[in-house]
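Look at the rings first, then at the charges over them.

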Amino acid sequence: MRLPGTWGAWGLLLLTGLAVAEAPADFAFGVPLEASGPQALFQVELPPAVYEGVVRADLADLRVFNAAGEPVPHAFLPRATATHEKRQSLRLPYFALRGDAVAGVEGLEVRIERGAGRAVVTMNGRQQVPARADTLLGYLVDASSLQQPLRGLGLELPSGLDDVVMRVRVEASDDLAIWTTLVADAPVLRLQAGGQQLEQLRLEFPPRQARYLRLSWPGSPRPLPLAGLIGEPGDVLVEAPRLWKQVAAMAPPEKPGEYVFDLGGQFPADRLRLLLPQPNTVAAVEILSRPRTNAAWQRVLLTTAYRLGQGSQETVNPDLAVATVSDRHWLLRVDQRGGGLGVGMPQLAVGWVPQRLVFAARGDAPFLLAYGSSRAALAAYPIATLLPGYRSDDTEQPGNFPLGSASTGRVQTLAGESASREAIDWKRWTLWASLVLGVALLAWMAWRLARQLAAARPPDAGSDDT
């Protein structure tokens, strides 16, 4: 039994509707990309307009086209919200600690007096007994001028001092009275043999910021002379620069204490900034968000918002760090005790680290970054696939191939808002049509079978009279 030709035509039409064309005219907006240079791969930072025009928060409705209108491979670099910045090593001033070898450095009382651009170190024995010898017990390191923690010390030994094998203790203090051990027995070596030299002159410890450090070698029969001391600052965590968008609130009259914000886009916000309308305001607030107006509100955080003082002496609540949220709609609920926020409307600013996109310069320029399509599916490669030798720990050169830099031009309207409207879900309707068609076919087959059985049954024979 064959399906009627009409059903086959309908099925072909439905399947045709599933096809998605990949051309610039299928997207709402486009941004020209200016990429010049011999590189095969280019990177570009997405401008705020892209987040205002995309349909999907995961940027799946984004493509890069060449001059012929052909899509080219692209991928997204992971967003680096903070980077570790290495600080340059520097020389540190140090002072020899001399005293009783039996009492050790613990038996010394040390004071530092500063003035006239110099520091004077005074040492006295804690016990009122004459020192057995003027022995070098250790060194006091002045690290008070540093604004960052130290993670290591590099020792410089005098030339000609080749036979050194000992262990060194490093301690930290802020008041020269209470000392905390950073490393108890760090090895220090300098050996010569057969024209070869073995050195271990670096003392490593967990990063620590302290005004003073103390080096000593308890139990060692010989002191450790120094010719210089190098401090190694720890890496500093530097936040990446963020773009910000600030919007004013709308207050529904039927809900006092609630303020609604529409960002006009899906920005991957991980910082929030509340701007209160009146000085000397303090209020407990709840911040919520949702992707669409018909979705339920989801809490982002509870906090206290404040704006205290006047003019240049004003103090406001710091930027709020949150997990990345790409929702467009935000809600501020204010505890109304104490009068809420008073007169005026608050403002909300969201900060985000822009995504960096990498694309292959295949075909002729100019290239076009197109976005905003309700029909587009995810087409981005994993970054490790597009970028050979990808390394996540190197933000300057993340792969074996050098990346050129592309810049963005002015936004162009392609298909306009019509491309962003929610399209008919042909896949869902095809599945429903298939289900309905299957049920109808089964019903039709059952009806045909019932008719055939009824036609094949012989008529009932009349009963004989007895």
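## Aromatic pairs

Rings of Phe, Tyr and Trp (its six-membered ring) pair if their centres lie within 6.5 Å; planes under 30 degrees apart count as stacked, over 60 as edge-to-face and the rest as tilted. By this rule there are 9 aromatic pairs. The model is predicted: local features need pLDDT of at least 70, side-chain atom pairs count only at pLDDT 80 or more, and totals for chains, interfaces and linings use all residues. Residues are numbered from 1 along each chain as its sequence is written, and side-chain values use heavy atoms, with hydrogens and water left out.

## Tyrosine 51 and phenylalanine 267

The ring centres of tyrosine 51 and phenylalanine 267 are 6.1 Å apart and the planes meet at 40 degrees, so this pair is tilted. Tyrosine 51 belongs to helix α2 (residues 48–53), while phenylalanine 267 sits in the loop between β20 (258–262) and β21 (269–275), so the pair ties together parts 216 residues apart in sequence. Helices (H or I, at least four residues) and strands (E, at least two) are DSSP runs, numbered from the N terminus.

Both tyrosine 51 and phenylalanine 267 are buried (under 20% relative accessible area; exposed is over 50%, partly exposed in between; 1.4 Å probe, protein chains only).

## A phenylalanine cluster

Phenylalanine 359 and phenylalanine 367 also form a tilted pair, 5.4 Å centre to centre with 55 degrees between the planes. Phenylalanine 359 is buried at 0% relative accessibility. Phenylalanine 367 is buried at 4%. Ring pairs link Phe42, Phe359 and Phe367 into a cluster.

## Charges over rings

A charge sits over a ring if NZ of Lys or CZ of Arg is within 6 Å of the ring centre and within 35 degrees of the ring normal. Arginine 214 has its charged end over the ring of tryptophan 179, 4.4 Å from the centre. Arginine 273 lies over the face of tryptophan 244, 3.7 Å from the ring centre.
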